[in-house]
Structure formats: C-alpha cells, structure tokens
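Keep the structure open while you read.

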Amino acid sequence: MKLLQPVTAVLVGAGQRAMIYASYAKKHPEHLRIVGVADPDTERRRLAAALYGIPESQCFDSVEALTAAPKLADAAINGTMDRLHVDTTLPLLDAGYHVLLEKPIGIHMDEIAVLREAAQRHHRIVMICHVLRYAPFYAGIRKTIASGEIGEIVNIQTAEHVSYHHMAVSFVRGKWNNEAACGSPMLLQKCCHDLDIIAWVMNGVKPVRVGSFGGLVHFRPEHAPEGAGKQCLLDCGIEATCPYSAKKHYIENDKWNFHVWDHFDLGVELTEEEKGRILKGESPYGRCVWHSDNDVVDRQSVMMEFENGATATHNMIGGAAKSYRTLHIVGTKGDIQGNLEDGYFVVRKPNTTHGLDYDERRIDCSVTNDSHGGGDLLLVEDFVQVLQGREPSLSYTALEESIYGHAIAFAAERARKENRLEAIHL
C-alpha cells in the first residue's frame, strides 16, 4: 500500500494557538511538516524557525510577503488575532493554500460571507478551530444524539464558567479585554465554542431568533476594594490578600505564562526578577483588575429558538472559582447531561417500571488537560486527513458548517445592546 505523503503547512502568526496546532508535526512528522512562517515579530519568527528547522528563505514578515513568493506548502495554519482573520486568509486562498483558521472566523457576518465565497470560488478547504467538537466528551454526545437514542432535541442548556484567573488574564488585563482593540465581544471570542456546540448538535436546523442580557458589572473602578492601587506590584495596599494579584498569578503560581511573557510558548524563560520588573513596568498584566481599560462583559445570558421549535440557553459567568463547562440536552426520548471537566456524561431515558422513574447510564470519555478536553490535536489530525483525501470525521469544522454559532453570537450582541429580540437571517 502506498503511504500518504505528509501535509506541509506554513504558520501565519506564530502565537500560542498556532504553536499548539503546529505541535502535531512534532508528534506526527509522518503526517504534518511545518515548512514556513509569517510573523511581523522578528524574534517570534526566528524562534519558530529554529523550532521547526525552517530556512531563512521561507520566513516572512507578513502574509503579503508570503503570498507574493512561490507557493511553498499545502496549507496555512492561521493563528493571527481576531480582526485579522479574514484579511489574512483571503490572500492565502488566492495563493493556493488550504487554511486551518483560528476562531472566531471573523468579527462580523459580512466579512465571513466574503470569506465563504472566496473559499468556494478557489475550491479551498477552510477549517475553523472549533476544537470542542473534537473533545471526546462532546464528540461522544454528538454520536449519541446521531444514534437517535434521545429522539428529537427539545432543549439545550450550556454554561461556561470562566475562572477568576482566566477572566483576569484574557478579558480584563489581556488581549481580548477591549472590543474596539481586539474586534470581538466576549461572547464571540470566548463562547463561540459553546454556541458552535449548540448549533452543531442541532445538525443543520437553523436558529431563527435570539435574546440576550448581560454586561460589565464587577470589574469596574467603583468596585475596587479599599486600598487597591492601579498596579499590583507598585501601589496596591491589598496585594497580599487579593485573589487577583498579578504577583500570585504570574510569578508565584506560574499561571498563563504563554499570555503574560513574550515568546514563552517558543521556549523563552525569564527569571523571577525579570518577571517582577516587567509587571512593574508598562505590561498590561500588572494592572489592577478594577483599574484597566476593559469593556467586555463579565456575565451574559443568551436565549435562542430554532426553526423546528427547539430552544436553547447559554450562560457565561466570568470570575468563577473553578473553570468548567456544563451541558444538558433534553430530547423527546431522553436526555444527556454532563460537565466537560468530569470526563463523562450520563444518558437518561424514562422507565415506567414500578419503583423507577428513569434508567441512567454513564459514558466515560478520555479527557486530557489541554484546556479543550483533548480536542486541540484531534482537530489538526482531522484537517490533515481531509487534505490527504480521507473522509472527515463527525466533528468536521468546515467553514460552511461553522457559521451558525457565529450568527447566534452576532445576533445576541445586537439583542443585548439594543434590549430586544433579534431575528437571525441565514
């Protein structure tokens, strides 16, 4: 039997997410090889090139420079920031690259429609990094639904509890804390995974209208505790007892290193002294969580209705003690319930036997600690196999099959800001 050749790929934006996806090439070089990189950061470009043995001639400081050169790979792994996703993917499609694109697809539906049309016109595969579809927890639930065991879906309830330390590093101090700067509201940036799961298990049934409530309530200057300063390591009188202490999170407990310290995900290590100096300087990660330039919500609830009459809700809670996702799906013949982090879900079905109300069975899943329940590299595996001509998995995140969750997010934000129900037109 003839062996399939490895897929070749270039990195466009060699950031934390792209480097995670690229790591599949380290584990499975027989299936994927990283042969180029485009990133405006000279040091990040150099480190990525050293990590994957990329020659200088295949390192570029922009996607424009990459696509002006002769095509050098089958695909691109696009890990740029949210507002750059469409603008960087369009020239890649035109230059002949298939694309694995980090979520969100784009920051408004009009540009997503342009991207979809371009992918179809160029006959390119664009897969979206909705990695939760690949987590064994969600993949197992999807297979159970597809079997017909719980009948037709009546209602879906999901919730994402964003931990206090994740909320602080990403959505109060960090890259996604300000909608004007990053381009994405929190519901799109953080919860497009959850909204995609809802749309995915509905299996093509269109969402038709949405309502939403929420806002930025807690992480505001007027809620700063007495004694709080503007920067944790410079002028804060309560740093030693504050649960949001930058010193505790980023130095003592080594949390979120890949966000806080430049090039950490490419192997650069800093001393404790260097870290302290950075946090005392202009680093946004040294700021007080009540005195930042954040404007994204810290809580939001979304209600949605589908064209077949099914309903769904999603709740995002920012600042929880523990980070976890929950899901409960009720069908006409039974229901499914579970927490991603528990590593199992239960299936219940009515039972009229005397003394019983229902039967329940537990389905265990293999969950790994990669922050997405084991889905990250399974996504890359599916992308590689599709490019090699194999059948996609049930989790397949093709662009055209990944739009509904985004449509829900955009409509929900309009509904929240304008205090009304919002129709979805697809």
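Where is the place of Asp 254? Asp 254 sits in the loop between helix 12 (246-252) and helix 13 (257-260). Helices here are DSSP runs of H or I with at least four residues, strands are E runs with at least two, and both are numbered from the N terminus.

Before going further, a word on ground rules: this is a predicted model, where local features need pLDDT of at least 70 and side-chain atom pairs count only at pLDDT 80 or more, while totals for chains, interfaces and linings use all residues. Residues are numbered from 1 along each chain as its sequence is written, and side-chain values use heavy atoms, with hydrogens and water left out.

Back to that loop. Trp 256 is also placed between helix 12 and helix 13. Asp 254 isn't a glycine, yet its phi is positive, and Trp 256 is likewise a non-glycine residue with a positive phi. For accessibility, buried means under 20% relative accessible area, exposed over 50%, and partly exposed in between (1.4 Å probe, protein chains only).

| Residue | Phi | Relative accessibility |
|---|---|---|
| Asp 254 | about 50 degrees | 41%, partly exposed |
| Trp 256 | near 55 degrees | 19%, buried |

Another backbone detail turns up at Lys 103 and Pro 104, which are joined by a cis peptide bond with omega of about -10 degrees. Look for Pro 104 in the loop between strand 5 (98-101) and helix 6 (109-122).

Strand 1 (residues 7-12) runs parallel to strand 4 (residues 75-78), and 4 bridges join them. Val 12 faces Asn 78 of strand 4 there.

As for the nonpolar cores, each is a set of buried Ala, Val, Leu, Ile, Met, Phe, Trp, Tyr and Cys residues joined through side-chain atoms within 4.5 Å. The largest has 93 residues, and Tyr 138, Tyr 250, Met 304, Phe 306 and Ile 329 have the most contacts inside it. Helix 16 (residues 403-418) contributes the most to this core, with 7 residues. Another core, of 34 residues, lies apart from it and includes Tyr 24, Val 37, Met 127 and Val 384.

Met 304 deserves a click. Setting aside neighbours within four places in sequence, Met 304 has contacts (heavy atoms within 4.5 Å) that include Leu 195, Ile 198, Arg 209, His 314 and Ile 408.

Conventions:
Two strands pair if DSSP finds at least two bridges between them.
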